[in-house]
Amino acid sequence: MDASLSVDSEGQMVDAGGKRGGWIIFLFIIGTLMCLTLAAGGWQANLVVYLIEEFNVKSIDATQVSNVVNGCTTLFPIIGAIVADSFFGCFPVILISSCVSLLGLVLFTLTATLDSLRPPSCENGSSLCETPSKVQFAVLYASITLGSIGLGGTRFTIATMGANQFDKPKNQGIFFNWFFFAMYTALVVSSTAVVYIEDCVSWGLGFGLSALVNLIGLVIFSSGIHFYHRDKPQGSPFVNIARVVVASIRKWNVKLPPRREDYHYHNEGEAKTTPAAPKKSFRFLNSAALETEGDLKPDGSIARPWRLCTLQQVEDLKTIIRIFPLWSSSIFISTPIAIQMSLTVLQALKMDRRIGSHFKVPVGSVLVVVTIATCIALPIIDRILYPVWQKLTHKSPTPLQRLGIGHVLNITGMAVSALVESKRLKTAHGSKVPMFVMWLFPQLVLVGIGEAFHFPGELQFCYQEFPASLHTTATAMVAMIIAIAFYLSTALVDLVRRVTEWLPDDINEGRIDNVYWVVVVIGVLNFGYFLLCAKLYKYQNVKGVEDSSSSVSQG
């Protein structure tokens with residue numbers, strides 16, 4: 001054992017100063033993340049093809065199943081975060097979810113290797129294809145459900161647990177950058193190598209390798225058990241938020257006194273801090289912490305918890321209200337990306353994808369350009385761009401500045417998409433040779449670089465500014481943004497199809513470029529909304545902002 005390490009009373013490794021966590025756990029967290037992301041991508045990235053080819057599911061039905069799964073895997077992290085924040089903490093949630101994910105992949109492997117668990121194969125599109133039995137569907141959907149739950153309980157909970165290992169916001173920001181780099185790298189591998197194995201070698205081998213990688217991730221995560229710093233959950237923070245709302249409504253007609261001594265600051269057993277006067281913003285909520293007759297027991301504890309809250313609980317709710325406008329502005333960063341993803345696939349199908357005489361770029365691999373661009377941009381931003389920014393301005397870029405850069409790059413990417421589509425349409429109408437597919441790459445690269453700015457910035461902003469009791473929920477809010485954007489993009493595309501003729505079945509007869517220009521206009525308006533919110537917003541964690549701007553990253 002390292003001489004600088006010792007074991008505390010709980011059996012956890014601590015350094016000479018008695019602290020757990022820090023960069024010693026980096027490889028455990030990142031290794032776990034990459035393994036679990038790679039394993040999940042092994043079934044999620046190729047789910048539509050698997051349903052069509054192996055279970056004789058009709059293409060539209062397979063797409064609908066995939067849409068539901070994508071929505072669920074971006075909403076489940078919220079449930080995992082609530083459970084972690086309220087009851088068990090991050091470590092047990094990640095551990096159990098990893099086991100659930102492994103079980104799902106084992107079931108996937110069985111469906112691919114046992115003939116009794118899937119219908120007889122037939123030619124795609126044939127009317128004679130046999131429908132899967134109830135048992136076959138039950139095993140299939142059980143594997144999908146377990147895989148979705150496992151993915152939802154791990155991905156963003158790991159982000160919170162990793163950030164919890166660091167005291168300084170500067171180090172947390174570095175960690176979030178590398179978190180996304182590792183996640184995107186694993187996604188590239190799963191979307192290319194694992195998908196190739198499934199398509200060209202064997203579905204059973206592909207799923208089996210994914211299960212093995214999941215198991216390796218579980219072993220890596222468990223190996224760091226003695227090194228992790230683990231925060232103890234303090235009960236459901238959402239109950240406290242509800243109590244503030246109810247208590248303020250019940251006392252809405254009570255006159256607020258000017259004296260700070262009339263407010264309730266501490267529950268029994270909580271550490272006492274120097275009382276501070278209630279903040280004037282959202283002043284109507286302050287009544288929830290106002291002590292009135294009958295609210296307290298003789299020993300000073302709260303007698304009626306739905307009528308009296310602590311002032312800190314009131315301020316936590318105010319913080320969430322202040323953050324919400326900025327958080328909502330990120331929805332319209334992700335919505336254009338979701339629209340671009342679906343339209344780019346349609347464009348690629350109409351373009352020349354041949355490279356040489358023997359290789360043809362798979363349509364599904366075109367979108368990997370975004371992920372590759374993000375993977376390349378993240379270390380460049382962290383190791384080159386941010387240090388240069390610091391030398392020129394003597395400050396690190398704040399999370400909101402990173403988000404702003406992401407907005408600009410996203411809008412630029414959509415504008416390039418519109419221009420490229422205009423050129424593609426002219427080529428399709430005036431030439432027998434279709435446009436080369438690599439014309440789509442510049443717009444995808446811009447969006448990928450934009451993601452390298454705004455996703456880590458959003459994650460750091462939420463983690464830094466949300467109340468401490470909601471840290472896991474804070475990082476999962478990024479997943480909720482993606483989920484809302486996914487469903488919103490579907491609704492917007494459907495609306496365009498209903499009111500215009502821009503999206504016919506044959507896109508060569510449509511105007512996808514106009515769709516992109518509409519997205520650009522929406523993006524510009526949303527950027528204006530973001531700038532207004534950012535100008536009015538005051539950081540809650542002022543010390544965190546100062547710490548993150550104090551020196552060049554050393555991670």
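Arg 498 is exposed, with a relative accessible area of 66%, where exposed means over 50% relative accessible area, buried under 20% and partly exposed in between, computed with a 1.4 Å probe on protein chains only. The structure is a predicted model, in which local features need pLDDT of at least 70 and side-chain atom pairs count only at pLDDT 80 or more, while totals for chains, interfaces and linings use all residues. Residues are numbered from 1 along each chain as its sequence is written, and side-chain values use heavy atoms, with hydrogens and water left out.

Arg 498 forms a salt bridge with Asp 494, with 2.9 Å between the closest N and O atoms; a salt bridge is a side-chain nitrogen of Lys or Arg within 4 Å of a carboxyl oxygen of Asp or Glu. Both residues belong to helix α15 (residues 471-499), and because they are four residues apart, about one helical turn separates them. Helices (H or I, at least four residues) and strands (E, at least two) are DSSP runs numbered from the N terminus. Asp 494 is partly exposed, at a relative accessible area of 35%.

By this rule the count comes to 12 salt bridges. Another of them joins the side chains of Asp 352 and Arg 354, at 3.1 Å from N to O. Asp 352 is buried, with a relative accessible area of 15%, whereas Arg 354 is exposed at 53%.

A further salt bridge is formed by the side chains of Arg 307 and Asp 295, at 3.5 Å from N to O. This pair links distant parts of the chain: Arg 307 and Asp 295 are 12 residues apart, each in the loop between α8 (237-250) and α9 (311-329). Arg 307 is buried, with a relative accessible area of 18%, and Asp 295 is buried as well, with a value of 0%. Arg 307 and Asp 295 also belong to a network of salt bridges that links them with Lys 251 and Arg 304.

Arg 402 is buried yet has no salt bridge, and the nearest side chain of opposite charge, that of Asp 382, is 6.8 Å away. For this assignment, Lys and Arg count as positive and Asp and Glu as negative, while His and the chain ends are not counted. The side chain of Arg 402 does make a polar contact with the side chain of Tyr 386, at 3.5 Å. A polar contact is a pair of N or O atoms within 3.5 Å; within protein, one must be able to donate a hydrogen and the other to accept it, and residues adjacent in sequence count only if both atoms are side-chain atoms. Leaving aside neighbours within four places in sequence, Arg 402 is in contact (heavy atoms within 4.5 Å) with Tyr 386, Pro 397, Phe 453, His 454, Gly 457 and Gln 460.

The nonpolar interior comes next. In soluble globular proteins, nonpolar side chains tend to be buried together. A nonpolar core is here a set of buried Ala, Val, Leu, Ile, Met, Phe, Trp, Tyr and Cys residues joined through side-chain atoms within 4.5 Å. The largest such core has 63 residues, of which Leu 400 and Phe 461 touch the most other members. Helix α16 (residues 512-536) gives the most to this core, contributing eight residues. Beyond neighbours within four places in sequence, Leu 400 is in contact with Leu 326, Phe 461, Phe 530, Ala 534, Tyr 537 and Tyr 539. A second, separate core of 41 residues includes Ile 30, Leu 33, Val 188 and Ala 479.

Two residues stand out in backbone geometry. Asn 56 has a positive phi of about 55° although it is not a glycine; Asn 56 lies in the loop between α2 (47-55) and α3 (59-88) and is buried, with a relative accessible area of 16%. Phe 282, also not a glycine, has a positive phi of about 50°. Phe 282 lies in the loop between α8 and α9 and is partly exposed, at 30% relative accessible area.

A search of the whole structure finds zero disulfides, a disulfide being a pair of cysteine sulfur atoms within 2.5 Å. Among the cysteines, Cys 72 is partly exposed at 26% relative accessible area, and Cys 533 is buried at 12%.

Taken as a whole, the protein has 17 helices and four strands. Buried residues make up 52% of its 555 residues. Of the contacts with a separation of 6 or more, 79% are between residues 24 or more positions apart.
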